[in-house]
Amino acid sequence: MTSIDRSQTVGAPRTYEVRTYGCQMNVHDSERLSGLLEDAGYVRAPEGADGDADVVVFNTCAVRENADNKLYGNLGHLAPRKASRPGMQIAVGGCLAQKDRDTIVKRAPWVDVVFGTHNIGKLPVLLERARVQEEAQVEIAESLEAFPSTLPTRRESAYAAWVSISVGCNNTCTFCIVPALRGKEKDRRPGDILAEVEALVAEGVSEITLLGQNVNAYGSDIGDREAFSKLLRACGTIDGLERVRFTSPHPRDFTDDVIAAMAETPNVMPQLHMPLQSGSDPVLKAMRRSYRQERYLGIIEKVRAAIPHAAITTDIIVGFPGETEEDFEQTLHVVREARFAQAFTFQYSKRPGTPAAEMDGQIPKAVVQERYERLVALQEEISWEENKKQVGRTLELMVAEGEGRKDGSTHRLSGRAPDNRLVHFTKPDQEVRPGDVVTVEITYAAPHHLLAEGAVLDVRRTRAGDAWAKRTATEQAKPAGVLLGLPKVGVPEPLPVAASGCGCD
């Protein structure tokens, strides 16, 4: 049966596909878009559909260079398919839609719906309106209409979930356009957040990641400077919640009460992702980052004193306008001092609409590339050295789904240590499910992963593993998937995400 035949089958539910670009916030927004569509009667298209769905939604990012070219290239690829398939619809949302609202339909007139970051809840209504009126619907809200976590969400995991605690950002970093597109910070009430966490745990979730554009600034909107540390401690009282993480904090707002809460709350994991961006004070000033090298290294020192085994990761931008060789050497100095478990490095590129794009002193590409390669080489060396310190340690891993690309051929499974390091381990004879917990001894270290080549020391079956098994059985019976209660949020990708993170925190 052809795709046209499928779209015209009487009584067949309409299928959807969501394509996501950008940061963790976009990933979580896409889970809400999926939930909204399923709540409206759509079913998810099979894996690998590649545009062969009745509705294709692009959730876009605006902070990458040439993000618009990538979008229009993908839209162009779908144009002939849409022309040959009556009833097919295309929607564009996210940051690029918020930014380029007036140009998307002009450049791609076959698009049916354009919606922004503040009104994702309108997608099903806009699709239906476009179908009935037979014309494109463009609706961009200028401010948040409802906190997104009130929307239905199709989460991608039964054992780990995002929990959004705020949206928007009050910072004005010169390389970042996110505040202009997502607005000022809006905080959720602590009671609402904890109610969502408790509901997730009741469904079987055992790990949550608190999510915000500037997560540790939480409380600025509700007038409580210690709200974030209180929230971490409150998560520690929830029975059945085994792991708590958060992303991404800003050094400006990293206070001693947060460090104490991390150290004193057993289920808050010994892991911290804190963007550096540059080690040079002049560059940090030009970036409009409200801290300097000494402040940043001071936070690292305090975290390590309170949590000796903490794995600290970061984001770094190389080649910011005006960066001198001396400035770059200061970044290398911080990398050597901080000894990051991993650093996600970005070559600076102009991001349209940001002050940095218009600054003097843009660095030649060849210079940026050379500095980038030196930074990567240094960090690879440090990452490997830090991972080697894990050899001989006995660790509890939460078994993960789909994180070991070679697991099938190597007869291994993969999991995440408490500090979020990726560990591949020998598959035990007994059944182990994603969400279960295994105890292993680390035998080998590579720069980006660890191996536990001996026998698994212990397997603990968990409610999270039970939830995964139940969901898997349900989805095998109904391939398109189902909504699993409210509220629902999605599985965090391993933190941080080098390929899709915007690096703007």
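Salt bridges, defined as a side-chain nitrogen of Lys or Arg within 4 Å of a carboxyl oxygen of Asp or Glu, number 29 in this predicted model. Because the model is predicted, local features need pLDDT of at least 70 and side-chain atom pairs count only at pLDDT 80 or more, whereas totals for chains, interfaces and linings use all residues. Residues are numbered from 1 along each chain as its sequence is written, and side-chain values use heavy atoms, with hydrogens and water left out. Side chains of opposite charge can pair when their charged atoms come close.

One of the salt bridges joins the side chains of Asp52 and Arg85, with an N to O distance of 2.8 Å. Asp52 is located in the loop between β2 (43-44) and β3 (55-60), and Arg85 in the loop between α3 (67-83) and β4 (89-94), so the pair ties together parts that are 33 residues apart in sequence. Helices (H or I, at least four residues) and strands (E, at least two) are DSSP runs, numbered from the N terminus. The two partners differ in accessibility class, for which buried means under 20% relative accessible area, exposed over 50%, and partly exposed in between (1.4 Å probe, protein chains only). Asp52 is partly exposed at 26% relative accessibility, while Arg85, at 2%, is buried.

A salt bridge is also found between Lys230 and Asp224, where the closest N and O atoms are 3.0 Å apart. Lys230 has a relative accessibility of 45% and counts as partly exposed; Asp224 is partly exposed as well, with a value of 24%.

Glu264 and Arg233 likewise form a salt bridge through their side chains, at 2.8 Å from N to O. Glu264 belongs to helix α10 (residues 256-264) and Arg233 to helix α9 (residues 227-235), so this pair ties together parts that are 31 residues apart in sequence. With 52% relative accessibility, Glu264 is classed as exposed. Arg233 is partly exposed, its relative accessible area being 35%.

Beyond these pairs, a network of salt bridges links Glu323, Glu325, Glu329, Glu370, Arg371 and Arg374.

His424 is part of strand β17 (residues 422-426) and is buried, at 13% relative accessibility. Its contacts (heavy atoms within 4.5 Å), not counting residues up to four places away in sequence, are Glu403, Gly404, Asp407, Arg412, Leu413, Ser414, His449, Leu450, Leu451 and Ala452.
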